[in-house]
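Here is a quick tour of an annotated site and some charged pairs. Have the model open while you read.

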Amino acid sequence: MASVFSLPSSSFLCPLKTTRFRTKIQSLHSSPKSLLINSLQLQELDPNIPEPVQTFWKWLCEEGVVSAKTPVKPGIVPEGLGLVAKRDIAKGETVLEVPRRFWINPDAVADTEIGNVCTGLKPWISVALFLLREKWRDDSKWKYYMAVLPESTDSTIYWSEEELSEIQGTQLLSTTLSVKDYVQNEFRKVEEEVILPNKQLFPFPITLDDFFWAFGMLRSRAFSRLRNQNLILVPFADLTNHNARVTTEDHAHEVRGPAGLFSWDLLFSLRSPLKLKAGDQLFIQYDLNKSNADMALDYGFIEPSTSARDAFTLTLEISESDDFYEDKLDIAESNGLGGTAYFDIKLGQSLPPFLIPYLRLVALSGTDAFLLESIFRNAVWGHLELPVSRANEELICKVVRDACKSALSAYHTTIEEDEKLMEEGNLSSRLQIALGIRAGEKKVLQQIDDIFRERELELDELEYYQERRLKDLGLVGEQGDIIFWEPK
């Protein structure tokens, strides 16, 4: 059994703040009417808005994605760039709608020149190649959108070795390195099988750093909770920032509506989850279930004030060398688990309900192994939800506490040292993330250790299987004494 690291997420979710911009600007060709509309819209923008964003906004106006009725606009916000309300907005009010022709997803890739060579690729890889190709092309339909995408974020996949040393010992470091290895392997494969054999479609160099850029953009900006949409970038909508005050994810919808003059199509519709005053920033919730480590990996920020985001993944495994491996595996699978099980433990919350029964199952041995017999198969999980024997309970406490102590020893600082650094302030954004992650993980590990330390102190007071069985048979009295029946 071990508590090494959690597997990297394979999903790509939601948008991220945009703080760095490309400076390459293309000239615009517009009709007098569209120029009039755009000039009115541009007058509403903060003059400090970077020029690429103003150009992008002008393009959205020309394409009819933005109109005078659109109640939000780009603005300079504490996160960098975001969307702010032009007027008061009611909770649940639709704030933007983006027609399907402006979505970037695998279907959009399939309709381009590289569609055929991307057939059979993982969806995210095909979209990544599309982004890199469109970023390179001067005549790209998406050039104004590409110009506002950041060159990087504070996601840990972009950290230097020195910066990564600040999360030494954390599960986030292990996950980050695993993700980087995964992306590198996928790049080598697609380079050999797709990019190099199709130089006419990719007549420009694509490096591993370029591929990481595209991966990071998808990981941080893509919406994946729409019906029938596993991966979708939505220009304009992805300027929306995250805020912990939003406690629902029910803000993005796929609807049918007007998508141009005399045309109807699917629209990406975004509703405000909060009531806003004019000038307030529009926020959404990126993901309620992600831990701070997930947030740091995907989006490049954490919620230091939200303790429920601090988590540690305890990884448990039924050893294949276990004499009862097949029986234990069968019981685990019958209850929705497997030979390896991952339990996310959050700060200030109870242990996952299946954690203790699974621990008891893994530790079953000796005289307790009778519970693995087929006659008990339908009822064994119910027995594992309660203490089996003192030896079994003592073993699971020891194993978990040893794992916690081992994990805590891998950090190069204490909780107190981390908190002192945070109090002193004047930290870079990445160091703030590192401090928050390692302090949070250590607090969760300390919480787990405390739970099982208290359990060790209660071992003599717990009621175990044999005692419960004797009571069921009426062979134990109220005081716990064994009843002997005298023959008549």
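## Binding-site residues and salt bridges

Tyr286 lies in the loop between β7 (283-284) and α10 (292-298). Keep in mind that this is a predicted model. With a relative accessibility of 1%, Tyr286 counts as buried, and a polar atom of the Tyr286 side chain sits 3.0 Å from the backbone oxygen of Thr240.

Why look there? The unreviewed UniProt entry lists Tyr286 under "binding site", along with Arg221, Arg225, Asp238, His253 and Tyr299. Of these, Asp238 is found in the loop between α9 (208-221) and β4 (241-242). Asp238 is buried too, at 1% relative accessibility, and its side chain makes a polar contact with the side chain of Tyr145 at 2.5 Å.

On to the charges: the count comes to 29 salt bridges.

| Pair | Distance |
|---|---|
| Asp154 and Arg430 | 2.8 Å |
| Lys189 and Glu186 | 3.9 Å |
| Glu191 and Arg188 | 3.8 Å |

Asp154 is in the loop between α6 (143-146) and α7 (161-164), while Arg430 is in helix α16 (residues 429-457), so this pair ties together parts 276 residues apart in sequence. Asp154 is buried at 17%, and so is Arg430 at 15%.

What about helix α8 (residues 171-195)? Lys189 and Glu186 both lie in it, three residues apart, about one turn. Lys189 is partly exposed at 39%, whereas Glu186 is buried at 9%. Glu191 and Arg188 are also three residues apart in helix α8; Glu191 is partly exposed at 22%, and Arg188 is partly exposed at 39%.

Finally, salt bridges link Glu166, Asp418, Arg438 and Lys442 in a network.

Notes. Residues numbered from 1 in each chain as written. Predicted model: local features only at pLDDT ≥ 70, side-chain atom pairs only at ≥ 80, totals over all residues. Heavy atoms only, no water. UniProt positions renumbered as here; feature names shortened; annotations may be inferred. Helix = DSSP H or I, 4+ residues; strand = E, 2+ residues; numbered from the N terminus. Buried < 20%, exposed > 50% of the residue type's maximum accessible area, 1.4 Å probe, protein only. Polar contact = N/O pair within 3.5 Å; in protein donor to acceptor, adjacent residues only side chain to side chain. Salt bridge = Lys/Arg side-chain N within 4 Å of Asp/Glu carboxyl O.
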